[in-house]
Amino acid sequence: AFMKSPPKPRQFPLNEPNGGNANLSSQPMRAARRRDYVAHRKKFPTNIVKNNKYNFVTFLPVVLFEQFKYFFNLYFLLVALSQFIPPLKTGYLFTYVGPLVFVLFVTMAKEWHDDHLRKRRDHEANSQRYQILTSMGPVSVPSSKLRVGDLVIIENNQRVPADLVLLRTTEASGACFIRTDQLDGETDWKLRIAVPFTQKLPSDESLCQLAGHLYADPPHKDIYSFVGSLRVNATAESPEIDVPLSVENTLWSNTTLASGTAVGIVVYTGKDTRAIMNTNHPKTKVGILDSEVNRLSKILFIVTLALSFVMVALDGFKGKWYINLFRFLILFSSIIPIRQVYI
């Protein structure tokens, strides 16, 4: 059987390749390295938050499917359609179509409203702006434009827009606290520690001068586990440095920085973040009462079918008795309750 290959550990450079004071003869090589860097970043998902259930094309068919998978809605649809067949017509068409159309209209209006609220919340999250550090200075970008490898500045009480590795904080010790109630439901603050090597750098801008790679384990759902390493290339002044990383060095998406200011490097974006991987796709809510009514409707249908058969039998199965059977079944349909609507 075909099996999906497991996700691979990720590796990416700390900064965009910088030519610095390289001579002109190295320009083609620098351009090629920059193209490779940009192409490598594009391999990872975008940081767009998308929680809506429907779009313009899928709204009507999906909502109708969700409604007619219930027996009572499907039953009343068939009863309403039967009134277009002259031998089965037992009353005014509106008395059968009206209640069903009203229930479906209110349900679709409620689904549209809920989905519109989800889209509005997504837009607010995607358009929230953050400062990222570059060799040209801080640049303001919306959350949706963040990419793996960006150096993001997180202010106090600001939502973390993606999964980050914490590099620096305003505290000399490199410590900061985060609130994780939007991620795991816990209200107590969590302590996070910046990577010791980057915390000792003279300034935040020094992060843009680092050359090396960050290694991280493949995306997974466990918010209490992270394995990675930060490898800084050797220079004339210092040897190569390899710093192990753990969950204490991370800031997960949808948490909130509760103290100071922090700088982190984006490791996971979009659907690869812990928050998204632990979020279930929005589903149509099914109440206990709806499930019970659906079960009772099936029982009542069997009862009305038996009653219809008895009525035809008492008439001696005369003529086209099967048409009379359906007519009695339609007349007894008022015994079955149509779905209750909740606003």
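**Close-up views of a predicted model**

**View 1. Arg179 meets its partner Thr256, which sits in strand 12.** Two bridges join strand 6 to strand 12, and the two run antiparallel. Strands here are DSSP runs of E with at least two residues, and helices are runs of H or I with at least four, both numbered from the N terminus; two strands pair if DSSP finds at least two bridges between them.

A word on the model: it is predicted, so local features need pLDDT of at least 70 and side-chain atom pairs count only at pLDDT 80 or more, while totals for chains, interfaces and linings use all residues. Residues are numbered from 1 along each chain as its sequence is written, and side-chain values use heavy atoms, with hydrogens and water left out.

**View 2. Tyr70 and Phe72 form a stacked pair of rings.** Rings of Phe, Tyr and Trp (its six-membered ring) pair if their centres lie within 6.5 Å; planes under 30 degrees apart count as stacked, over 60 as edge-to-face and the rest as tilted. That rule gives 13 aromatic pairs. For Tyr70 and Phe72, the centres are 5.6 Å apart and the planes meet at 5 degrees, so this pair counts as stacked. Both Tyr70 and Phe72 are buried (under 20% relative accessible area; exposed is over 50% and partly exposed in between, with a 1.4 Å probe and protein chains only).

**View 3. Phe177 and Trp189 make a tilted pair, with 6.4 Å from centre to centre and 45 degrees between the planes.** Phe177 belongs to strand 6 (residues 175–179) and Trp189 to strand 7 (residues 189–193), so the pair ties together parts that are twelve residues apart in sequence. Phe177 is partly exposed, at 35% relative accessibility, and Trp189 is partly exposed too, at 47%.

**View 4. Four rings gather in one aromatic cluster: Phe71, Tyr75, Phe76 and Phe301.**

**View 5. Six strands line up in an open sheet, in the order 3-2-4-13-5-11 with antiparallel pairing.** Strand 3 (139–142) and strand 11 take the edges with a single partner strand each, so one side of each has no neighbour in the sheet. Strand 2 (residues 129–133) and strand 4 (residues 151–154) share three bridges in the antiparallel sense, and here Leu133 stands opposite Leu151 of strand 4.

**View 6. Strand 5 (residues 163–169) is mostly covered, with seven of its seven residues buried.** Six bridges pair strand 5 with strand 13 (residues 262–268), again antiparallel; look for Arg168 opposite Val263 of strand 13. Strand 5 also pairs antiparallel with strand 11 (residues 250–251) over two bridges, where Leu164 stands opposite Leu251 of strand 11.

**View 7. Helix 8 (residues 288–314) packs against helix 9 (residues 321–331) at an angle of about 135 degrees, with the axes 9 Å apart.** That makes helix 8 oblique to helix 9: under 35 degrees is roughly parallel, over 145 roughly antiparallel, 65 to 115 roughly perpendicular and the rest oblique. Axes are lines fitted to C-alpha atoms, for helices over the stretch in contact, and angles run from 0 to 180 degrees between N-to-C directions.
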